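Please open the model in your viewer and keep the selection panel at hand. The tour goes from one selection to the next and says at each stop what is to be found there.

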Amino acid sequence: MNPFYHSTRDNSRLVTSKQAILTGIAPDGGLFVSDAVGETKLDVAALPSQTYHQTARQILGMLLGDYADEELASCVGGAYAANFDTPAVTPLSPLGDDWLLELYHGPTCAFKDVALQMLPRLMSVARAEGGRDIMIVTATSGDTGKAALAGFAGVEGTGVTVFYPEGKVSEIQHLQMATQTGANVAVCGVNGTFDDCQTEVKRIFANREVAGRLAGRGVTLSSANSINVGRLVPQVVYYADAYAQLARRSVIAVGDVVDFCVPTGNFGDVLAGYYAKRMGLPVGTLTVASNSNRVLTDFFETGVYDRRRDFIQTISPSMDILVSSNLERMLYYLTEGDCERVAAWMRELADTGAYSIGDDLLAKLRETFRCGCATDDETRATIRATWEGNHVLVDTHTAVATCVMGREAHRGHQRVCLSTANPYKFSPDVLAALGEDTAALDDFACMDRLQELTGTCAPPQLSGLRDAPITHDSLCERDEMTSFVERACARVFS
C-alpha cells in the first residue's frame with residue numbers, strides 16, 4: 001500500500017504512516033487519512049485459518065505501508081503475546097441468537113487495550129528514526145486514560161499525560177488512573193466535561209508557541225486518542241478476526257455478510273469497522289449505538305450534526321461525548337476526499353456548533369450505517385434482561401448496544417455486538433440494574449456483592465485497586481491544562 005497520509009482538511013502535505021503516528025494530529029487540526037484504504041483487499045477466504053497475530057500483521061501491513069514486516073511482527077508479538085488473559089485476544093461468545101465480541105481481556109479491562117498495547121510499540125519503532133522525546137497528551141472519557149498509561153508507562157523516550165473530567169468517570173476508572181505508577185506518567189482531573197478536555201488537548205497541539213518551547217528541549221507532543229491513526233488501525237483487526245471466528249464455528253460461510261453493532265461516543269471504534277468494510281470484509285451494516293447524549297443518533301437521522309445541547313451524565317460515561325472527533329474521517333471518505341468541504345464543516349462546527357451534510361450525502365451514509373440510542377433506564381433493563389435471559393453479564397456500554405441491536409429488525413445476517421468493557425469496571429450500576437440496593441455500598445462492596453450474586457469473578461487488576469495507593473491527585477481548570485503539560489514535560493524529560 002501507498003504509505004502516505006495527509007490531513008482530512010488538506011491533501012497537499014503528505015507524511016508517512018510513521019510520521020502520522022508520531023505527530024498524532026495534523027498541524028491544521030485535521031486527522032490523518034490515507035487515500036489508499038481499500039485499494040488492496042483482504043483475502044477473506046484465508047482469514048479462518050489465521051491466528052489473531054497473523055491477521056494483525058496482515059492488516060497493519062496493509063494500512064501502515066512504511067513499517068517493515070519484521071517491525072510489525074515485533075510490535076504484534078509484544079502487544080498481544082502476554083498482555084491478554086486469552087490467546088484469542090478478542091474472543092467471540094454467544095448472546096442468544098447473536099454474538100458478543102469480548103474486547104476487554106487486556107490489562108485494563110477495556111477495548112482500548114487492543115490498540116493501546118500496540119501504539120507505544122508502533123511509536124517506538126517510528127521514534128527510532130527521529131530520536132526526539134515524545135509526550136503523549138490524551139483526553140479520556142474513562143477508558144483511554146488508563147489504557148494509555150498502562151501502554152506507555154516506562155517506555156523509553158516517552159511520557160504520557162492524561163486529562164479526565166473530574167467526577168464524570170466511574171470510581172474504578174478514576175482509581176485505575178489515580179494509582180498508576182511510573183516515572184514518566186502524569187494524570188490530572190479537569191473541572192469540565194470530556195468535550196472540554198478533548199477540545200483543549202486539540203488546542204494544545206495547535207499551539208505553535210508551546211511546540212516551539214518544547215522543541216527547544218527536544219520534545220514533541222503526540223496523542224493516544226483515536227484521533228491518532230496508530231490507535232485506529234489496530235482496531236480494524238478485531239472485525240476481521242470476529243469474522244474468522246464465525247467462519248471457524250461454521251456459523252457463516254466465507255463471503256456471507258455480517259452486521260455489527262457498536263457502542264460509541266468518539267466514533268473511532270465503529271470507524272474501524274468501516275475501514276474493514278472498505279478493505280473487503282463482508283460487513284453489512286454498522287449500527288452506531290449512543291446513550292442519552294444522542295448527538296450521533298440525531299446526525300444519522302437528520303444529516304445535521306449539532307452539539308448545541310445539554311450534556312447528560314449517564315451510567316455509560318465513556319460515551320458521554322458531544323463532539324465525535326473521528327466522524328471527520330468518515331466525512332472525508334463520504335465526500336470522496338473533498339478536503340475543502342470537510343474543513344468548512346469543521347469551521348462551522350467550531351464557530352456555530354453545528355453543520356449539515358445534506359440529503360444526498362445522508363442517503364449515501366445510510367447505505368452502511370444505522371443508528372439508535374438507549375436511555376439509562378433502557379440500559380439498566382437490558383443488563384437485567386441479558387443476565388436473566390442468557391446468563392451473560394454486560395457492562396453499561398455494551399448494554400447500550402445490545403439494547404439498540406435488540407430493537408432492530410433482523411436482516412438474516414449474523415449479528416455481532418462489540419462488548420467494550422468488563423462489567424466490573426461499573427459494578428455499582430451493573431449491580432443496581434440487577435435489582436440490588438447500592439445506596440450504602442462503595443464500589444468495592446458492590447464488586448463483592450456482584451461476584452456473590454452472579455458467581456462471576458472480578459478481574460484481579462480491578463479488585464486489587466482497593467489497596468493501591470493514590471499517586472495522582474492533581475486537579476485543574478481547562479485553561480491550566482497547557483501549563484500542566486509543560487510542567488510534566490519538564491519533569492519527565494529533565
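Begin by selecting Thr396, which sits in the loop between α16 (376–390) and α17 (398–407); helices here are DSSP runs of H or I with at least four residues, strands are runs of E with at least two, and both are numbered from the N terminus. Before going further, note that this is a predicted model, in which local features need pLDDT of at least 70 and side-chain atom pairs count only at pLDDT 80 or more, while totals for chains, interfaces and linings use all residues. Residues are numbered from 1 along each chain as its sequence is written, and side-chain values use heavy atoms, with hydrogens and water left out.

Is Thr396 buried or exposed? With a relative accessible area of 0%, Thr396 is buried, a word that stands for under 20% relative accessible area, against over 50% for exposed and partly exposed in between (1.4 Å probe, protein chains only).

Now display the surroundings of Thr396. A polar atom of the Thr396 side chain lies 2.7 Å from the backbone oxygen of Ile315, and a polar contact of 3.4 Å links the side chains of Thr396 and His397. A polar contact is a pair of N or O atoms within 3.5 Å; within protein, one must be able to donate a hydrogen and the other to accept it, and residues adjacent in sequence count only if both atoms are side-chain atoms. If neighbours within four places in sequence are left aside, the residues in contact (heavy atoms within 4.5 Å) with Thr396 are Ile315, Ser316, Thr379, Ile383, Phe426, Asp429 and Val430.

Next, select the cysteines. Searching the whole structure for disulfides, meaning pairs of cysteine sulfur atoms within 2.5 Å, gives zero. For Cys197, the nearest cysteine sulfur is that of Cys476, 7.9 Å away; for Cys403, it is that of Cys373, 8.9 Å away. Cys197 counts as buried at 0% relative accessibility, and Cys403 counts as buried at 12%.

Finally, move to residues 5–80, which UniProt lists, in an unreviewed entry, as "domain: Threonine synthase N-terminal"; such annotations may be inferred rather than shown by experiment, and the positions are given in the numbering used here, with feature names shortened. Over residues 5–80 the chain is 41% helix and 16% strand.

Then select the three strands that form an open antiparallel sheet in the order β2-β1-β3, where strands pair if DSSP finds at least two bridges between them. β2 (10–16) and β3 (32–33) stand at the edges with a single partner strand each, so one side of each has no neighbour in the sheet. Two bridges join β1 (residues 4–7) to β3, and Ser7 stands opposite Phe32 in β3.
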